[in-house]
Amino acid sequence: MDKYEVKNIFGKKGELTVQVPGSKSITNRALLIAALAEGESYLDGILFSDDSRHFMACIDALGIKTKVNEAEAAAEIFGTGGKLPVKETEINVGSAGTAARFLTAFLAMTEGTFHINSSEQMKKRPMKPLLDSLSALGAEIEYHEKEGFFPFTIKGKAPKSGDVEIDIDKSSQFLSAFLISSTLFGEGVKIHVKGSHGMNYINITTKMMEEFGITVKKPEPSLYVVEGGSKYSGRFYRVEADVSAACYFYAAAAVLGITVTVKNVFFSSMQGDIGFLNVLEKMGCKISESELGITVTGPERGRLKGIDADFSGFSDQALTLTAIAPYCDGEVIIRGIDHIREQECDRIAAIINNLGAMGIKAEDFGGGVKITPGTPKPSEIETYDDHRVAMAFALTGLRADGIVIKNPLCCRKTFENYFTVFDGIIKALS
């Protein structure tokens, strides 16, 4: 499928229930923690996508035994306690940012020589702050193309103890990478952090570490401590439904003025994107929770209020709000998202360019975007091989004619049957 033309179904009524896959963030953290654990782990409800398959392929290449059951959305991981069966191998992390950052840190702290490649997209994404910190610990890094970027070879070194400094202004994954592999510091580690980007994701990391048996201490706001002798223990672990994916369907409810429930998404979720629901509520939606999951009911005929909101805690949803912003009754201002310029694509540029192509005024003001509502005209959405651009701007077409998504299958990175589920909503309301 090279293109996907969205059907305008505005004015249709209905109450729908949707199911989304497991969380990408939690799946990939669970995979590495289970690999580092002592003993077997059974991971239930995991996401199968391009990203997670690359992660699992890397684990296999490192000699860690797995049993995968895609039909049951499950995997058994036979942890090796951080000791790799192989001392030299090649892995390819694809476009998976979590695999790229988490596995790089793990291998830099493991005895051996590891050749790490990636997709062309991942070669453009920031790695230097993490790699500089790993070099300071004694890892030897040989760059094969551009310094500070993939591909490269790492000669790892098992650290006894350490005082690590890491800058997370570009990505919170740098800190999560160190935290997850902190058990490799035999005598413990102190991690000093500069920046505060993406702390909701850090909270996911530390909570999951605790669930697998590791206590992370935080004696100061910018200091994380893991004591020597800490070990993960294999266990049964159920992955939460992906709130990031759910938010597209909640936004569909908002823009169409219908009711949508997403199964197994609850306010107790540790995923930061749950904060997007507060934004939708301020824009006029009604939010409720039942045993089935969270339900969003959009305002009558999708009459959404304009809003000025900080998205630094759930920046993946900036594109989602952007896609429905043309239908608001006033300006939409999204702040705290400057870092999304260096994700799968320059997402701020993607916002400005795609809205502009639809005739919607959008301004880049440095740390965010300001959007003036209007009537979208027919347009082909350039996705830049970015799954979130494709999934988000499909929402615009639910209420406008002639919106076509180019390269829609780039959504396979995190939600490979997104447009099948999306079609289900359209058919149910047609």
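How many of the 14 residues of α7 are buried? In α7, 14 of the 14 residues are buried (under 20% relative accessible area, with over 50% exposed and the range in between partly exposed; 1.4 Å probe, protein chains only), so the helix is largely enclosed by the rest of the structure.

## Basis of the values

This is a predicted model, in which local features need pLDDT of at least 70 and side-chain atom pairs count only at pLDDT 80 or more, while totals for chains, interfaces and linings use all residues. Residues are numbered from 1 along each chain as its sequence is written, and side-chain values use heavy atoms, with hydrogens and water left out.

Helices (H or I, at least four residues) and strands (E, at least two) are DSSP runs numbered from the N terminus.

## Helix α7

Helix α7 covers residues 243-256. From its first C-alpha to its last it reaches 20 Å, close to the 20 Å expected at 1.5 Å a residue, where the expected span is 1.5 Å times one less than the number of residues.

The N-terminal end of α7 is capped by D242, with a side-chain oxygen 2.9 Å from the backbone nitrogen of S244. Just after the helix, G257 has a positive phi of about 70°.

## Helix α4

Helix α4 (residues 128-136) has L130, L131, S133 and L134 as its buried residues. They lie on the same side of α4, because they cover an arc of only 160° around the axis; the arc is taken from the directions from the helix axis to the C-beta atoms.

The buried residues of α4 pack against α3, β8 (140-143), β9 (152-156), β10 (162-167) and α5 (173-180), contact being heavy atoms within 4.5 Å. Just after α4, G138 takes a positive phi of about 115°.

## The loop at S95

S95 sits in the loop between β6 (88-92) and α3 (97-108). Its relative accessibility is 17%, so S95 counts as buried. Apart from neighbours within four places in sequence, S95 is in contact with D51, S119, Q121, M122, R125 and K413.

## The four-stranded sheet

Four strands form an open sheet in the order β18-β19-β21-β20, with mixed pairing; two strands pair if DSSP finds at least two bridges between them. At the edges are β18 (307-310) and β20 (362-364), each pairing on one side only. The twist averages 10° from one strand to the next.

Strands β19 (residues 332-335) and β21 (residues 369-371) pair in the antiparallel sense over three bridges, and I334 stands opposite V369 in β21. Helix α10 (residues 347-357) packs on the sheet and touches β20 and β21. The direction of α10 makes about 155° with that of β20; axes are lines fitted to C-alpha atoms, for helices over the stretch in contact, and angles run from 0 to 180 degrees between N-to-C directions.

How values were computed: A polar contact is a pair of N or O atoms within 3.5 Å; within protein, one must be able to donate a hydrogen and the other to accept it, and residues adjacent in sequence count only if both atoms are side-chain atoms.
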